[in-house]
Amino acid sequence: MWEYSNKVKDHFLNPRNVGAMENPDAVGETGSLSCGDALKLFLKINGNDRITDASFMTFGCASAVASSSALTEMVKGISLDDALKLTNDDIADYLDGLPKEKMHCSVMGQDALRKAINAYRGIQIMEKPGNVVCECFGVTDLEIISAVKENHLKSAEDVTCYLKAGGGCGNCLERIEEIVEEARAKA
Amino acid sequence: MWEYSNKVKDHFLNPRNVGAMENPDAVGETGSLSCGDALKLFLKINGNDRITDASFMTFGCASAVASSSALTEMVKGISLDDALKLTNDDIADYLDGLPKEKMHCSVMGQDALRKAINAYRGIQIMEKPGNVVCECFGVTDLEIISAVKENHLKSAEDVTCYLKAGGGCGNCLERIEEIVEEARAKA
Amino acid sequence: MKIVYTDNNATTRVAPEVLEEMLPYLSEYYGNPSSMHSFGGNVGRAIVQAREKVSELINADPDEIIFTSCGTESDNAAIHAALEANPEKRHIITSNVEHPAIKNTLELLEKKGYTVTYVPVDTKGRLDMDILYRSMSKDTALITLMWANNETGVIFPIQEVARKAKEQGILFHTDAVQAAGKIPIDVKDAGVDMLSLSGHKIHAPKGVAVLYVKKGLKFSSFMTGGHQEKGRRGGTENTAGIIGLGKACDLARAHLGQMDTTVRELRDYLEKELLEKIPSSSVNGERSNRLPNTLSIGFDAVEGESILLLMDQAGICASSGSACTSGSLDPSHVLMAMKVPFESAHGTIRFSLSTYNTREEMDHIINVLPPVIKRLRDMSPFWKK
Amino acid sequence: MKIVYTDNNATTRVAPEVLEEMLPYLSEYYGNPSSMHSFGGNVGRAIVQAREKVSELINADPDEIIFTSCGTESDNAAIHAALEANPEKRHIITSNVEHPAIKNTLELLEKKGYTVTYVPVDTKGRLDMDILYRSMSKDTALITLMWANNETGVIFPIQEVARKAKEQGILFHTDAVQAAGKIPIDVKDAGVDMLSLSGHKIHAPKGVAVLYVKKGLKFSSFMTGGHQEKGRRGGTENTAGIIGLGKACDLARAHLGQMDTTVRELRDYLEKELLEKIPSSSVNGERSNRLPNTLSIGFDAVEGESILLLMDQAGICASSGSACTSGSLDPSHVLMAMKVPFESAHGTIRFSLSTYNTREEMDHIINVLPPVIKRLRDMSPFWKK
Ligand SMILES: Cc1ncc(COP(=O)(O)O)c(C=O)c1O
Ligand SMILES: Cc1ncc(COP(=O)(O)O)c(C=O)c1O
Ligand code: FES
Ligand code: FES
């Protein structure tokens, strides 16, 4: 079994803020059925751009559920600007860490949150900047480069842990390794 | 441990007729120090060409000692002609069988006996008929062919068990296999 | 908490009778079976007996049995031997649902210039016999097919393929790691050249397995070293493990009937109740042609790991249909090969029973699972009530 | 009859503490360490601890430890990995006194087009360093040398050779199956890239061993299959064996001092007395640079198997210097390489002690052996009184 922290176990067994929200002010969705995990995040936002409530629906493993649950707890009461500063590492830290192989669950939380806020603010984000490298999970080179920098990833294996890229058929692994090396050389 | 019969164990632990004989009528020697076993057989023969006493000196493993001991018991009191008819299988049978890998010990007994009798009768046997195939143990093709026929050997491995040929460096094993196949094809 | 263990295709408990048989060889009889002293000789004799018992389970001759360390080694060794025996042939046939021990080994061989045909299965997990037969050629060194699938339990027509292989002079190996001890196996009747089985799947300890090699087959060792196993597998013998495996094969032979009746009934009961009590659930694999102990069942819109962990809370051990412990996030290659929809593939659970399971245990699962699935579906964005 | 076991280079008894540590994993904790359920997770944690203990014995990091099934597998895997990491290089260096696990494996590679230099030893079993260094070239993929010889106990200068290998960018593997647990081993200090050790030589059970692989080395699996051992060795883990090996490494570390003092004294005592009491006897190998537990002693004009069987009658277990159990009739290749005369090579006996041996046991051997040798010499045609 993945060696989950007690916090992760608690948030998995007793998830906070589960369920669809009626009349949410913002919604962020990420993941898909084929990917094996997906998160739909609901936010209530007041006039001061502060998050007053949050809830989630998650399809995925224990750490996906726990990350979602943690995320909703973390964002309640903070401003949108502060929320945008939240990183996947913050989510993992809140849970006393995640197994490396499961870091992508926290990435999913960060992603859904940003999508929800950007949508709320009417900002159009180009869905997928860069060129798709991993077909199985639709991950692009730019996404990989930024994850390498933000999370100090060292290998294609690390990239798979954070972004899933490479975790399917594996055909893209060599290309990922190249991208990681380049990005690290430049950093 | 080799799975020796009780008879072999008995003849090894309590060998009969051990030791050099004073004034023997015939002596047969076979084997050598480098080969790892050797037998010196001593016979007393009376006027009727009958063996009246036998003794041995053996350097070798338990089955070499037991085969030698058995041989001396078997030949006591029989005629030289009958003695010449004794085969290695007779020695093995007398001992309730020998492990296949140790059959060469019984061959050694048969060999020493024939050498002793031939020497006694003044018959000159060409030391090594045929061409040497196994350098390590000085075994010739004709020896191999006759062992294949007499003992129904089926493979180079069998030849090693009976004649040791092939049990050293192993370089000769392919050639032995060929000889075995030819001999079996003709038989 | 009482454990309900239904993960027997992953590994099994060591039968108490097996452990008892092993213990002397983990304490007073520690000699090396190859030694000259009688102390080692005792151990050698016990190994001879174990070899006989193993050979009886699959109707082999004792010297057709080579002891190895795991099913994976047996599979590696079989492939190695087949290629060494046919140095001029460069083609291998297998299925696309084999265990990684076969799959990954063949994929590496592809990188070394071999051509591998991965015969597909249909949505029920059945082999496409037409493609299989059409891919056989003069260049084919080996056909390797699992006897039964570890995830779905689906059984392949081994005897039929072995016959065709023989006609064309192609070596045939079967990975019977899951079949052994669950259904009758007769190597002579089936006509296979090589067969793998693994001790820890049949109540022997982990660390011991078997490769059956038909008499007369030119065998090149995979593990080269000393003269153990008649020079066919170097390395000091795992004596206690081998002796345990002998006993386990005895027990497995005695329990074959029970597998086909009691265990099958428990499995069928569990299957029927779960399908009834949990909507949008479906069985993976051809139901009529499966191992009697295996149930692979998919629940739409939920994810396997979560199900497993919630079942774990209730003391139930099973497996999911994903390979996620390996770091891969896709559903298993077996479910993908069967084109099981993502919807249910991600939510697939494998229950695999043994003769130790009881009706009460099935009832426990039948009670625990429906609310678990409901709870997860209630939080799933993909669940349409 | 009480057994006096002095064949510890062949195999050792499982320490009672080791068995105790293993037993739970042969009964209640039978889960698969790779499983998701907490039942398997417990086993996984115990394996983590065992890996730490093993790494401490040789000063490695835990993830440099790969568990295998026997020393032979570790040796095969090391050679395989070195060649895969250097696909363009076709030359290997070794000594002419290696264990069959190395020797036979390299001989097969010669048939596949590799060139192997077998560096000779002198009559004391010491490596010819000059030939060794002169044979190193740009084409050399691997140098593999045993740390200590199984028959004579002679120790090779591993650190020195490892340093030279590193300078020239050549991978260096050492077979430390006999050295581990008998003399201190520090992989970092020695600077080796790979190292083999085997459980059953250090009071763990048969069927478990280790390949140390230095961090950063590009490692290709020998046994390909599942994701066990971080994908470096497929096959379900021999959990009880691994856990036992962890404990055995703990004990071995604690007993290293005793090896160097008590065991060495017993060996030296046995050696001195036998040399004194039995004329025409001689020690094989450099006496000043040997494992503390090993004595290889040759008796002129008698044959090893006969000596062993007569000692066996008195409950003494040891080995002979011939490989006759393998069907070969020559003295061992080690004695041949050292040019030990046939006179004493055929009559060579290896005594190998452990921390379990006592002074009384040595006295028993010292009493039994002289009349045994005399009795055999009395019937030997080669003995000149
Ligand atoms: C030096 C050496 N290497 C390798 C081995 C092989 O170890 P195992 O029997 O565990 O395969 C041995 C043991 O016989 C040995 O002494
Ligand atoms: C079908 C099949 N083949 C091979 C194996 C590998 O067996 P082992 O884990 O003993 O190496 C397994 C077990 O996981 C299996 O289910
Ligand atoms: S393309 Fe990236 S895993 Fe398949
Ligand atoms: S020549 Fe025959 S064994 Fe060496």
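Trainee: To begin at the site itself, how far is an oxygen atom of ligand 2 from an N or O atom in the side chain of C:Ser198?

Mentor: The separation between an oxygen atom of ligand 2 and an N or O atom of the C:Ser198 side chain is 2.7 Å. This is a predicted model, in which local features need pLDDT of at least 70, side-chain atom pairs count only at pLDDT 80 or more, and totals for chains, interfaces and linings use all residues, while side-chain values use heavy atoms, with hydrogens and water left out. Residues are numbered from 1 along each chain as its sequence is written, and chains are lettered from A and ligands numbered from 1 in the order in which they are written.

Two further side chains make polar contacts with the ligand (a pair of N or O atoms within 3.5 Å; within protein, one must be able to donate a hydrogen and the other to accept it, and residues adjacent in sequence count only if both atoms are side-chain atoms). A polar side-chain atom of C:Thr72 lies 2.5 Å from an oxygen atom of ligand 2, and for an N or O atom in the side chain of C:His99 the distance to a ligand oxygen is 3.0 Å. In total, 15 residues surround ligand 2, each having a heavy atom within 4 Å of it. The closest are C:Thr72, C:Asp175, C:Ser198, C:Lys201 and D:Thr236. Because the surrounding residues come from chains C and D, the site is shared between chains.

That leads to the interface of the two chains. Contact here means heavy atoms within 4.5 Å, and it takes 60 residues from chain C and 60 residues from chain D. The buried area (the accessible area, with a 1.4 Å probe, that two parts lose on being put together, summed over both) is about 4,800 Å² for chains C and D, 65% of it on carbon and sulfur atoms. Two salt bridges are counted between these chains, a salt bridge being a side-chain nitrogen of Lys or Arg within 4 Å of a carboxyl oxygen of Asp or Glu. C:Glu84 and D:Lys112 meet in a salt bridge at 2.5 Å, N to O. Polar contact joins 18 residue pairs across chains C and D, both residues at pLDDT 80 or more. Among the elements giving two or more residues to the side of chain C that touches chain D are helix 1 (16–26) and helix 3 (71–85) of chain C. Helix 4 of chain C gives the most to that side, with five residues.

Within chain C, the domain assignment, which is automatic or from a database, gives domain 1 (4–11 + 256–379) and domain 2 (16–251). Their centres, taken over C-alpha atoms, are separated by 27 Å. Domain 1 brings 27 residues to the contact and domain 2 brings 30 residues. About 2,400 Å² is buried between domain 1 and domain 2 of chain C, of which carbon and sulfur atoms give 57%. C:Leu256, C:Leu291 and C:His333 supply 24% of the area that domain 1 buries against domain 2, more than any other three residues. One salt bridge is found across this domain interface. The side chains of C:Arg126 and C:Glu286 meet in a salt bridge at 3.4 Å, N to O. The two domains of chain C also have 14 residue pairs in polar contact, both at pLDDT 80 or more.

Methods:
Helix = DSSP H or I, 4+ residues; strand = E, 2+ residues; numbered from the N terminus.
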